[in-house]
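Please open the model in your viewer and keep the sequence panel beside it. The stops below go from one selection to the next.

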Amino acid sequence: MLKRDTKALLLNSFFELASSKPINKITVREISENCGVTSQTFYNHFNDKYSLLFWAHDKWVDKISQLYSNGEIPVEEALRRYINGFARNGDFIINACRNTDGPDSYKWYAAECLASVIKGYVIKKTNVEDIPFEIRFYISMYGVGITAMIFKWLRDEKPISDTDLAKYILKAMPEDLRKYCDVNKS
């Protein structure tokens, strides 16, 4: 079995178990046994169930950020696709938000990951390593805000479309950050 197939198998097992059990109550042994592999096989790929969760998050975020960073999609489309990644697995995401905390908090991981993507884009666009504190602050605040609003949107059972949510989130971007993210080009 290929590494990628094993990782996908483990992730699908995790999703399946999380459909009926809080994430913080699921064990590596359960994830492994549910998909017919040993716990050692799990540990050959991941440190723990949270690293599996974060790997899955990174996998789809990296695809979107590459498309945006390469200029293949505008910022609004990148954000809409990001929102849809959460929506496709809404129940799992809500479970992850409610049942992870501390260093394993999915909410904080997602916010930090998004801020890192934005920061990377700003560095690439400006060709500088030292982003001013004010812009770093806006990036961090915006990453936390976007993440919180998407989780609220999921919890509230998506009261508006993903396209409208993306538009509102972009309108809320701090003015000093807009010029780095090509917001007016979308």
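Select Phe151 to begin: with a relative accessible area of 9%, Phe151 is buried, a word that here means under 20% relative accessible area with a 1.4 Å probe and protein chains only, while over 50% is exposed and the range in between is partly exposed. The model is predicted, so local features need pLDDT of at least 70 and side-chain atom pairs count only at pLDDT 80 or more, whereas totals for chains, interfaces and linings use all residues. Residues are numbered from 1 along each chain as its sequence is written, and side-chain values use heavy atoms, leaving out hydrogens and water.

Now extend the selection to helix H8, residues 133-155, where helices are DSSP runs of H or I with at least four residues, numbered from the N terminus. Among the buried residues of H8 are Ile135, Tyr142, Gly143 and Trp153, and the buried residues of this helix pack against H5 (75-88), H6 (90-98), H7 (106-126), H9 (162-171) and H10 (175-178), contact being heavy atoms within 4.5 Å. After H8 comes Glu157, with a positive phi near 65°.

Phe14 lies in helix H1 (residues 3-18) and Phe92 in helix H6, 78 residues apart, and both are buried.

Definitions and conventions:
Helices (H or I, at least four residues) and strands (E, at least two) are DSSP runs, numbered from the N terminus. The expected span of a helix is 1.5 Å times one less than its number of residues.
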